[in-house]
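Here is a short briefing on one protein chain. Look over the sequence and the fold before reading on.

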Amino acid sequence: MQAAVSDEPGVKSDTDTEQTRAPGMPASKQDKRSLTWSQISKSLCAGGVAGAVSRTAVAPLERLKILMQVQGNEKLYTGVWQGTKHMFQSDGLRGMFKGNGLNCIRIIPNQAIKFMTYEQLSRKISHHLIDSGGDGQLTPVLRLTAGAGAGIIGMSATYPLDMVRGRITVQEAGNAQYRGLMHATGIIIREEGFLALWRGWLPSVIGVVPYVGLNFGVYETLKDVIIKTWGLRDERDLSIAVRLGCGAVAGTMGQTLAYPFDVVRRRLQVSGWSGAKNLHAEGGHAVAYRGMVDCFVRTFREEGLQALFKGLAPNYVKVVPSIAIAFVTYEQVKEILGAEIRLAD
């Protein structure tokens, strides 16, 4: 990535343009290869805001999903309504948003990195296609690839925060062991080692490919189909309602395929942790797994195939508004900030 440099912020000089332009390439295409730091910062800001807004809007459902994923056959949470009611009775209104502050701290850099990486990967692929004599238009498969790469980078950069957030989210008011981010991180490292902060990373990487890949790939492809079908000029002519619908479909498809990996990730994050024994215990102790494969096998053998989809109901309820709000907020914030680049550029 290269920021443009000139006497005027964000504007390349004629000399610089001539020096960096590839032979035979129109100036309009070549100039888009370089992003200004202003464009980059706006993209990061929009991604962060989109993540915080979307996650806060569905925080109670997110917590309920995690609690249902971790619990064993002795179920404390059996459905969306019952589970939400039980959370409110146990921890109150504030408890329903437990872990959301930390989730926002995690999701802001996560979403910012993810959205910006997707745009950069898409631009690189598009420019490569142009250099090869094509029109630079990405196919659905290339969009999925760019989305998967963006998801892996964004998730890996912030994974320890997700692990700690999972622990804080699971603990109930009467059995709280962690007081906050720093306290929880210190205890986990001291008692379980530094690598404990990365428990569940592998299934997360595997699961993020279909999840984020389909999110971006389906979202962009659906918009393109609608634009061509309705004879619109570009995505700026799409209403917010249409964008919400595209985001909802994309999020639902991605979540369904990746969900078993999400369940295993959460279980590995609380594996052997005493704070989770009220949800899933064996011999009076919290259930512990040796790794991803062991978690998959034991969950399937002891609880059945449906256990790999525990919490899917509240997840469906939350994923539609969450993903849709994230995409629309991202694009709206970029328009407010006057960002020159868009997801479809």
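The model is predicted. Its chain holds 13 helices and 2 strands. Of the 345 residues, 51% count as buried. Among contacts between residues at least 6 apart in sequence, 75% join residues at least 24 apart.

**Nonpolar cores**

- The largest nonpolar core has 26 residues, and Val70, Tyr77, Val164, Val170, Tyr178 and Ile188 touch the most other members.
- At least two residues of this core come from each of helix H4 (59–70), helix H8 (159–170) and helix H9 (181–192).
- Apart from this core lies another one, of 25 residues, which includes Ile227, Val319, Ile323 and Val333.
- Tyr178 belongs to the largest core. Beyond its neighbours within four places in sequence, Tyr178 is in contact with Arg167, Ile168, Gln171, His183, Ala184, Ile187, Ile188, Glu192 and Trp273.

**Helix H6 against H3**

- Two packed helices are described by the angle between their axes and the distance between the axes.
- Helix H3 (residues 37–57) and helix H6 (residues 100–131) have axes that come within 7 Å and cross at roughly 140 degrees.
- That angle makes H3 oblique to H6. The crossing of H3 past H6 is right-handed.
- On the H3 side, the contact is formed by Ile40, Ser43, Leu44, Gly47, Gly48, Gly51, Ala52, Arg55 and Thr56.
- On the H6 side, the residues include Asn100, Asn103, Cys104, Ile107, Gln111, Phe115 and Glu119.
- By type, the residues of this H3 and H6 contact divide into 10 nonpolar, 8 polar and 3 charged.

**Helix H6 against H7**

- H6 and helix H7 (residues 140–157) pack at about 145 degrees, with axes 8 Å apart.
- H6 passes H7 in a right-handed crossing.
- H6 brings Asn110, Ile113, Lys114, Thr117, Tyr118, Leu121, Ser122, Ile125 and Leu129 to this contact.
- H7 answers with residues including Leu142, Arg143, Ala146, Gly147, Ala150, Ile153 and Met155.
- The residues of the contact of H6 with H7 divide into 11 nonpolar, 7 polar and 2 charged.

**Helix H6 against H13**

- H6 and helix H13 (residues 312–337) have axes 13 Å apart, at an angle of about 75 degrees.
- H6 and H13 are therefore roughly perpendicular to each other.
- Gln111, Phe115 and Glu119 of H6 meet Ala326, Phe327, Tyr330 and Lys334 of H13.
- The residues of this H6 and H13 contact divide into 4 nonpolar, 1 polar and 2 charged.

**Glu220**

- Glu220 sits in helix H10 (residues 201–230).
- Is Glu220 buried or exposed? Its relative accessibility is 2%, so Glu220 counts as buried.
- Glu220 and Arg143 are 77 residues apart along the chain, yet their C-alpha atoms are separated by 7.8 Å.
- Arg143 is also one of the H7 residues that meet H6.

**Leu244**

- Leu244 lies in helix H11 (residues 240–269).
- With a relative accessible area of 32%, Leu244 is partly exposed.
- Which residues is Leu244 in contact with, leaving aside its neighbours within four places in sequence? They are Ala324, Ile325 and Val328.

Methods: Residues numbered from 1 in each chain as written. Predicted model: local features only at pLDDT ≥ 70, side-chain atom pairs only at ≥ 80, totals over all residues. Heavy atoms only, no water. Core = buried A, V, L, I, M, F, W, Y, C linked by side-chain atoms within 4.5 Å. Buried < 20%, exposed > 50% of the residue type's maximum accessible area, 1.4 Å probe, protein only. Helix = DSSP H or I, 4+ residues; strand = E, 2+ residues; numbered from the N terminus. Contact = heavy atoms within 4.5 Å. Axes fitted to C-alpha atoms, helices over the stretch in contact; angles between N-to-C directions. Parallel < 35°, antiparallel > 145°, perpendicular 65-115°, else oblique. Left-handed = near helix turned anticlockwise from the far one by under 90°. Nonpolar A, V, L, I, M, F, W, Y, C, P; charged D, E, K, R; others polar.
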